[in-house]
Amino acid sequence: MRTGPASGSPSRPSSSPWERPFRRHGPGWAPWPRRPWPNLAYRPDGIRLLDEGRSARETLDTLLAGDERRDDRQAGIVDRDGGSATWTGRACMTWAGGVSGPGYAIQGNILTGPEVVRAMEQAWLETDQDLPLARRLHAALLAGDRAGGDSRGRQSAALLVVTPDGGYGGGSDVLVDLRVDDHADPSAELGRLLDLHDLYFGRPDPRTLLPLSGELAEEVAGRLAALGHRGVELDVALAEWAGIANLEERLVTGAIDPLVLEHLRAAGDPRA
């Protein structure tokens with residue numbers, strides 16, 4: 001599952017998105033309280049209700065029914081089956097509103113107008129469904145920003161994607177967790193950080209792996225030796241260098257990721 005807020009105030013995204021992946025039951029979901037007055041109790045209460053088997057619509061209706069300040073809230077939920085629901089209270093700051101459909105809920109407030117959420121929805125629906133979720137979400141976020149975004153201007157943005165065992169080394173469920181707290185163009189900066197995240201934490205595409213044999217193995221060994229990694233097996237030397245270069249998530253025994261090879265070639269020349 002994924003969320004991606006952007007705002008004209010600093011660090012605002014830290015109070016908005018909340019997600020958890022479902023194990024054994026498909027995609028996760030996100031109870032997402034938004035400005036102007038977030039009710040952070042929606043997070044644990046939403047988890048409990050969805051765990052009980054409630055749909056997104058039932059969960060949101062239950063949360064709102066028990067909230068005396070529901071007119072001040074804005075929230076969106078997507079459940080494990082792709083059902084979605086969005087709410088914008090009458091007291092939310094203009095322009096405020098949202099749209100929802102199978103697998104998505106988009107909402108915002110203090111926006112330049114409804115064209116912002118429409119642009120986000122269009123970008124989400126038109127992006128290739130085979131792209132990583134983080135890329136699709138960022139495309140939607142950037143589209144909304146370029147359509148007008150926050151009427152106060154630009155300052156912060158965030159991106160959160162969770163999937164079972166998706167974190168570093170499989171040790172957590174957090175696949176992507178990026179924030180830009182104060183920047184002149186935060187949505188674009190978020191894209192730059194996502195590029196770096198993909199480089200350092202992405203997994204190699206098995207279809208592009210190059211066998212570490214013959215002339216390529218000799219080249220890699222020479223470049224590693226020039227960087228001080230010599231006297232050990234090639235895979236060991238490569239792992240030593242990759243760990244220093246923060247590329248260890250892209251290692252595959254007996255082969256090399258073209259991105260790793262590109263960075264190794266840039267790191268040193270054995271003829272120097």
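# Helices, loops and side-chain pairs in a predicted model

User: V116 is found in helix α3. Is V116 buried or exposed?

Analyst: The model is a predicted one, and the values below are computed from it. A residue counts as buried when its relative accessible area is under 20%. V116 has a relative accessible area of 2%. V116 is therefore under that limit, and the class asked for is buried.

User: How far apart in space are V116 and G149, C-alpha to C-alpha?

Analyst: Along the sequence, V116 and G149 are 33 residues apart. In space, the C-alpha to C-alpha distance between the two is 5.9 Å.

User: E126 is also in helix α3. Is E126 buried or exposed?

Analyst: Helix α3 covers residues 115–126. The relative accessibility of E126 is 59%, and the cut-off for the exposed class is over 50%. E126 therefore counts as exposed.

User: What is the C-alpha to C-alpha distance between E126 and R136?

Analyst: E126 and R136 are ten residues apart in sequence. Their C-alpha atoms are separated in space by 9.2 Å.

User: Over the face of which residue does R136 lie?

Analyst: R136 is placed at 3.9 Å from a ring centre. The ring belongs to W124.

User: How do α4 and α5 run relative to each other?

Analyst: Two packed helices are described by the angle between their axes and the distance between the axes. For α4 (residues 133–146) and α5, the axes are 9 Å apart and the angle is about 165 degrees. Angles over 145 degrees count as roughly antiparallel. The crossing of α4 and α5 is left-handed, and the angle makes their arrangement roughly antiparallel.

User: What distance does helix α5 reach from its first C-alpha to its last?

Analyst: Helix α5 spans residues 186–201, which is 16 residues. At 1.5 Å a residue, 22 Å is expected. The helix comes close to that value, reaching 21 Å.

User: Which residues of α5 are buried?

Analyst: In a helix of this kind, residues three or four places apart point the same way, because there are 3.6 residues a turn. The buried residues of α5 are P186, S187, E189, L190, G191, L194, H197 and L199.

User: Which residues form the aromatic pair, and what is its geometry?

Analyst: A search of the whole structure finds one aromatic pair. The rings belong to Y168 and F201, with centres 6.1 Å apart and planes at 85 degrees, so the geometry is edge-to-face.

User: How many residues apart in sequence are the parts that this pair ties together?

Analyst: Y168 lies in the loop between β8 (156–162) and β9 (174–180), whereas F201 is in helix α5. Y168 is partly exposed at 48% relative accessibility, and F201 is partly exposed at 34%. The pair ties together parts whose separation in sequence is 33 residues.

User: What is the phi of I110?

Analyst: Most residues other than glycine have a negative phi. I110, in the loop between β7 (104–108) and α3, is buried with a relative accessible area of 7%. Its phi is positive, near 55 degrees.

User: What is the phi of D165?

Analyst: D165 lies in the loop between β8 and β9 and is partly exposed, with a relative accessible area of 44%. D165 is not a glycine, yet its phi is positive, at about 60 degrees.

User: Which residues does the cis peptide bond join?

Analyst: Most peptide bonds are trans. The cis bond has an omega of about -15 degrees. One of its residues, in the loop between β5 (84–88) and β6 (97–101), is W95, and the bond joins T94 and W95.

How values were computed: Residues numbered from 1 in each chain as written. Predicted model: local features only at pLDDT ≥ 70, side-chain atom pairs only at ≥ 80, totals over all residues. Heavy atoms only, no water. Helix = DSSP H or I, 4+ residues; strand = E, 2+ residues; numbered from the N terminus. Expected span 1.5 Å × (residues − 1). Buried < 20%, exposed > 50% of the residue type's maximum accessible area, 1.4 Å probe, protein only. Phe/Tyr/Trp six-rings, centres within 6.5 Å; stacked < 30°, edge-to-face > 60°. Lys NZ or Arg CZ within 6 Å of the ring centre and 35° of its normal. Axes fitted to C-alpha atoms, helices over the stretch in contact; angles between N-to-C directions. Parallel < 35°, antiparallel > 145°, perpendicular 65-115°, else oblique. Left-handed = near helix turned anticlockwise from the far one by under 90°.
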